[in-house]
Amino acid sequence: MGMFRRGGLPPEVYTSLGPLIGGKPNVLAWASTGIGYAVALDDRLVWTSPGDWDQVAWHEIQHGGWNPDDNELHWTKLDGTEQRLHLTDAGSLPGVFRERVEATILFRRALQPAGATRQVTITARRTLGAETTITWGWSVASGGRLTPTALEEVERELIRLATEYDV
């Protein structure tokens with residue numbers, strides 16, 4: 001089978017991924033969603049939506065996980081949008097999901113800015129796949145908001161850390 005694996009995914013589903021990713025997919029894990037498939041690839045998660053594929057790169061996922069009680073894989077993207085996928089047969093997909101998202105995190109530091117009611121997390125994330133890029137960013141716990149003063153503090157610390165770690 002070589003480097004690119006189908007991982008037991010039905011051949012027609014595997015073949016339909018080629019045009020989406022611009023090459024041969026390397027399937028790490030997959031699951032049925034009841035209306036299609038969710039597939040973990042090296043650099044992204046893809047899933048069938050009516051008539052097409054939808055996708056999210058691993059480094060774009062701020063946090064998420066698996067809820068076995070309702071068989072849902074869920075995540076929040078860095079831009080705050082949320083997504084849920086019902087999996088009828090999860091298999092190893094939840095574990096691969098967690099591993100891939102964690103693999104994008106090079107650095108993480110919690111910060112409590114002066115006057116802020118919520119903690120801020122500063123991260124350095126890397127893309128997974130052929131070409132790696134590093135992106136620094138921050139997020140506020142539980143959708144909190146920052147005052148202009150707290151925002152300035154977070155931005156200064158982000159710049160300081162990015163310079164100090166030079167990644």
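Reader: Is tryptophan 58 buried or exposed?
Author: Tryptophan 58 is buried, because its relative accessibility is 0% and buried means under 20% relative accessible area (exposed is over 50%, partly exposed in between; 1.4 Å probe, protein chains only). This is a predicted model, where local features need pLDDT of at least 70, side-chain atom pairs count only at pLDDT 80 or more, and totals for chains, interfaces and linings use all residues. Residues are numbered from 1 along each chain as its sequence is written, and side-chain values use heavy atoms, with hydrogens and water left out.

Reader: OK, rings next. How many aromatic pairs?
Author: The count is 6, taking Phe, Tyr and Trp rings (the six-membered one for Trp) with centres within 6.5 Å; planes under 30 degrees apart are stacked, over 60 edge-to-face, the rest tilted.
Author: One of them joins tryptophan 47 and tryptophan 75, edge-to-face at 5.2 Å centre to centre and 70 degrees between the planes.

Reader: And which ring does tryptophan 58 pair with?
Author: Phenylalanine 97, also edge-to-face, with 5.8 Å between centres and 80 degrees between planes.

Reader: Which residues does the cluster link?
Author: Ring pairs connect Trp47, Trp58, Trp75 and Phe97. Phenylalanine 97 is buried at 2% relative accessible area, and tryptophan 47 and tryptophan 75 are buried too.

Reader: Switching topic: what does the side chain of serine 139 make a polar contact with?
Author: The side chain of glutamine 62, at 2.8 Å. A polar contact is an N or O atom pair within 3.5 Å; within protein, one must be able to donate a hydrogen and the other to accept it, and sequence-adjacent residues count only if both atoms are side-chain atoms.
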